[in-house]
Amino acid sequence: METTIQKQLLQEYMVFKATPQQLKESIEKNNGALIVEGIIQKAEAKNGNGRVYPKAILEGAINKYKENFITNGNSYLELDHPNSEVVALSNSCGVLKEVWWNGNDVMGKIEVLSDIPNGSKGTPTGNILKTLFERGLTVGISSRAMGSVKQIDENTVEVQDDLEFASWDFVSNPSTPGANMKPSLNEGKISQIKTKYSKINEIITDIFTL
């Protein structure tokens, strides 16, 4: 029997990885700014949390996010995933510049807020994110939204049309397979996260103890 569950915080995870060579090419192409592109959300496929996002509902929520945030230049991303729909400027590590569709995949172009040589300063978290990429590590890209869901069966819920996105964030524990974002748009293997996840905390510690 279908049951609707009231509006709640919805978080989904994707794998994100960029090699040092891809970072170098991206920075050279973008006048020192680090720009990454890739899949940030999927429609019509059950993810690791048992949720399905119907494409029509996801399209409406993405269009609303574009209108309210990207168009106004305040589509900030955080480093790590707060349990809140409020985005903290003090933790901003990037800006979502563009979103578009590729079949059932939502694609995103993100500028990492890291230092630009002979240019503007980045944020502390933007520089941490860039350092993780420079080490060739895998992190996660995670959506943060509010919405209700309908229970379809014992293991599946369907997201409803009150879905509203707050942000996409970079995190250390991606759990949804199927996407690997890189500056070059090449796909990678989710298995890489298992071997490199443990190094992320070590690198963050190194950065703060320099």
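What percentage of the 210 residues of the protein chain count as buried, and which residues lie nearest the centre of the largest pocket?

A: The model is predicted, so local features require pLDDT of at least 70 and side-chain atom pairs count only at pLDDT 80 or more, whereas totals for chains, interfaces and linings use all residues. Residues are numbered from 1 along each chain as its sequence is written, and side-chain values use heavy atoms, with hydrogens and water left out.

Of the 210 residues, 46% count as buried, meaning under 20% relative accessible area with a 1.4 Å probe, protein chains only. The chain has four helices and 10 strands, taken as DSSP runs (H or I, at least four residues; E, at least two) numbered from the N terminus.

The largest pocket has a volume of about 240 Å³. A pocket is an open set of points on a 1 Å grid over the protein atoms alone, where a 1.4 Å probe fits, with protein on both sides within 12 Å along at least five of seven lines; lining residues have an atom within 4 Å of a point. The volume is the space filled by probe spheres set on the points, which are joined across faces, edges and corners.

Fifteen residues line this pocket, and F69, E85, E164, F165 and A166 lie nearest its centre. Two or more lining residues come from each of α2 and β9 (164-171), with α2 giving the most, five residues. By class, the lining comprises eight nonpolar, three polar and four charged residues.

Terms used. Nonpolar A, V, L, I, M, F, W, Y, C, P; charged D, E, K, R; others polar. Buried < 20%, exposed > 50% of the residue type's maximum accessible area, 1.4 Å probe, protein only.
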